[in-house]
Amino acid sequence: MIKHTQLKPEELKHKIRHREILFGGNQKLKIYGRLNCTSGKRMKIENRVFFTSEQDAIAHHFRPCGHCMKVEYLKWKNGLI
């Protein structure tokens with residue numbers, strides 16, 4: 001898990017471009033989703049974290065976003081994840 005506040009803008013762009021960061025999350029709400037999610041783009045920078053993989057987010061006890069990851073969210077909601 002990488003906090004947004006720990007990255008400089010150039011570092012963040014580099015990591016996204018080189019697919020080192022694949023998912024973003026809200027640290028307070030414990031929700032993760034795709035980087036292009038409209039809900040994720042609205043969150044405060046101090047709450048934003050990034051993950052290298054979906055397994056990384058799950059390992060940190062985050063749940064899938066109900067907007068951009070509907071299938072994964074429904075699996076989580078039904079206890080399948």
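How far is the sulfur of cysteine 68 from the closest cysteine sulfur, and in which residue does that sulfur lie? The closest sulfur belongs to cysteine 37 and is 3.7 Å away, which is too far for a bond. The structure is a predicted model, in which local features need pLDDT of at least 70 and side-chain atom pairs count only at pLDDT 80 or more, whereas totals for chains, interfaces and linings use all residues. Residues are numbered from 1 along each chain as its sequence is written, and side-chain values use heavy atoms, with hydrogens and water left out.

A disulfide is a covalent bond between the sulfur atoms of two cysteines. The criterion applied here is a pair of cysteine sulfur atoms within 2.5 Å, and by this rule the count of disulfides is zero. Cysteine 37 is buried, with a relative accessible area of 6%, and cysteine 68 is also buried, with a value of 17%. Buried denotes under 20% relative accessible area, exposed over 50%, and partly exposed the range in between, with a 1.4 Å probe and protein chains only.

The strands form an open sheet of five members in the order E1-E4-E2-E3-E5, with mixed pairing. E1 and E5 (63-64) stand at the edges with a single partner strand each, so one side of each has no neighbour in the sheet. Helices (H or I, at least four residues) and strands (E, at least two) are DSSP runs numbered from the N terminus, and two strands pair if DSSP finds at least two bridges between them.

E1, residues 2-3, runs antiparallel to E4 and is joined to that strand by two bridges; isoleucine 2 stands opposite phenylalanine 50 in E4. E2 and E4 are likewise antiparallel, with four bridges. In this pairing phenylalanine 23 faces phenylalanine 51 of E4, and glycine 24 has phenylalanine 50 as its bridge partner. Four bridges also link E2 to E3 in the antiparallel sense, with phenylalanine 23 opposite arginine 34 of E3. These two strands form a hairpin with four residues between them, and lysine 30 in the turn has a positive phi of about 60°. E3 and E5, by contrast, run parallel and are joined by two bridges; the partner of tyrosine 32 in E5 is proline 64.

In a regular strand the side chains alternate between the two faces of the sheet. In E4, Arg48 and Phe50 point one way and Val49 and Phe51 the other way, and all are buried.

The largest pocket holds about 350 Å³ of space. Of its 22 lining residues, the closest to the centre are Cys37, Ser39, Gly40, Lys41 and Met43. A pocket is an open set of points on a 1 Å grid over the protein atoms alone where a 1.4 Å probe fits, with protein on both sides within 12 Å along at least five of seven lines; lining residues have an atom within 4 Å of a point. Helix H1 (9-17), E2 (23-26), E3 (31-34), helix H2 (38-41) and E4 (48-51) each supply at least two lining residues, and E3 gives the most, with four.

The UniProt annotation "domain: Ada DNA repair metal-binding", from an unreviewed entry, covers residues 21-68; such annotations may be inferred rather than shown by experiment. The end C-alpha atoms of this span lie 17 Å apart, and the span is 21% helix and 29% strand.

Methods. Points joined across faces, edges and corners; volume = space filled by probe spheres on them.
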